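Subject: Structure for you to look at

Hello,

Here is the structure I promised to hand over. Please open it first, then read my notes beside it.

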Amino acid sequence: MHSFEDRLIKRLGLEALDRRIAGWMQRNGLFVLRIGLAVVFIWYGILKPFGMSPAAELVRRTVYFVPPDLFIPVLGWWEVAIGVGLLYRPLNRTAILLLFLQMPGTLLPLVLLPEVCFTHIPWGLTLEGQYIVKNAVLIGAALVVGGTVREREASESHAEVSTE
């Protein structure tokens, strides 16, 4: 069964345009997603070692048992490493591993500092809470990027067999 959108596109004669747009998104979406994810990690990360991160106080209050002068710069460089690993495809696996080791820590303030994250638990999020919950999108994006590492290997090995 076709959706309302499909019927409308057909009725307006936009099927060819719709196919071209969808095809472009399919060909380029993963690349844009990977680069966007890399930019976010590099940008957010590089602020930490230089004392410019708006999240530093939240990190300091969440991971109170580790000296912040050590932890915050290390966390920042860790995030930069994730971003660089996402930019350089042969390091995508390593980047995804680092990301999934880091992500649970980003959710800790929801449990340890609910008064900072919520205006009304569990639905009313503060700006800090929104900053944390958006990590669900980063996790989803990482899953999509991580799901492609075997495809690249398969296409490379297929190319090797074809040239022999």
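Start at Leu-127, which counts as exposed at 67% relative accessibility. You will find Leu-127 in helix H7, residues 127-133. Now look for Val-116. Leu-127 and Val-116 are eleven residues apart in sequence. In space, their C-alpha atoms are 8.9 Å apart.

Keep in mind that this is a predicted model.

**Confidence**

The mean pLDDT of the chain is 92. A score of at least 70 is reached by 91% of the residues. Which elements have the lowest and the highest mean pLDDT? Helix H9, residues 149-163, has the lowest, at 62. H4 has the highest, at 98. Where pLDDT is low, the predicted coordinates should not be read in detail.

**Salt bridges**

Side chains of opposite charge can pair when their charged atoms come close. How many salt bridges does the structure hold? There are three. Take them one by one.

The pair Glu-79 and Lys-48 comes with an N to O distance of 2.8 Å. The cut-off for buried is under 20% relative accessible area.

Next comes Arg-60 with Glu-57. Their closest N and O atoms are 3.3 Å apart. Both belong to helix H3, three residues apart, so about one helical turn separates them. An α-helix has 3.6 residues a turn, so residues three or four places apart point the same way. Arg-60 is partly exposed, at 34% relative accessibility. Glu-57 is partly exposed as well, at 43%.

Then there is Glu-115 with Arg-61. Here the closest N and O atoms are 3.7 Å apart. Glu-115 counts as exposed, at 52% relative accessibility. Arg-61 counts as partly exposed, at 39%.

**The start of the chain**

Now turn to helix H1. How many of its eight residues are buried? The count is zero, and H1 is hardly covered. Just after H1 comes Gly-13, with a positive phi of about 70 degrees. Most residues other than glycine have a negative phi.

Two surface patches draw on H1 and H2. One is a patch of negative charge, formed by Glu-5, Asp-6, Glu-15 and Asp-18. Helix H1 (4-11) and H2 each supply at least two of its residues. Asp-18 is in helix H2. At 37% relative accessibility, Asp-18 is partly exposed.

The other patch is nonpolar. Which residues form it? They are Phe-4, Leu-8, Leu-12, Leu-14, Leu-17, Ile-21, Trp-24 and Met-25. Together they have about 800 Å² of accessible area. H1 and H2 each give at least two residues to this patch. H2 gives the largest share, four residues. Leu-8 lies in helix H1. Leu-8 is partly exposed, at 38% relative accessibility.

**A cis peptide bond**

Most peptide bonds are trans. Look at the bond from Ile-121 to Pro-122. Is this peptide bond cis or trans? The bond is cis, with omega near 0 degrees. Pro-122 lies in the loop between strand E1 (118-120) and strand E2 (124-125). Ile-121 is in the loop between E1 and E2. Ile-121 counts as exposed, at 61% relative accessibility. For a sense of distance, find Gly-45. Its C-alpha atom is 29 Å from that of Ile-121. Along the chain, Ile-121 and Gly-45 are 76 residues apart.

**What to look at when you open the file**

- The salt bridge between Glu-79 and Lys-48.
- The negative patch, with Asp-18 among its residues.
- The nonpolar patch, including Leu-8.
- The cis bond from Ile-121 to Pro-122.

Best wishes

Methods. Residues numbered from 1 in each chain as written. Predicted model: local features only at pLDDT ≥ 70, side-chain atom pairs only at ≥ 80, totals over all residues. Heavy atoms only, no water. Salt bridge = Lys/Arg side-chain N within 4 Å of Asp/Glu carboxyl O. Buried < 20%, exposed > 50% of the residue type's maximum accessible area, 1.4 Å probe, protein only. Patch = residues over 30% accessible without salt bridge, like charges linked within 9 Å, V, L, I, M, F, W, Y side chains within 5 Å. Areas by Shrake-Rupley, 256 points an atom, 1.4 Å probe, with all protein chains shown as cover. Lys, Arg positive; Asp, Glu negative; His and termini not counted. Charge placed at Lys NZ, Arg CZ, Asp CG, Glu CD. pLDDT = per-residue confidence, 0-100.
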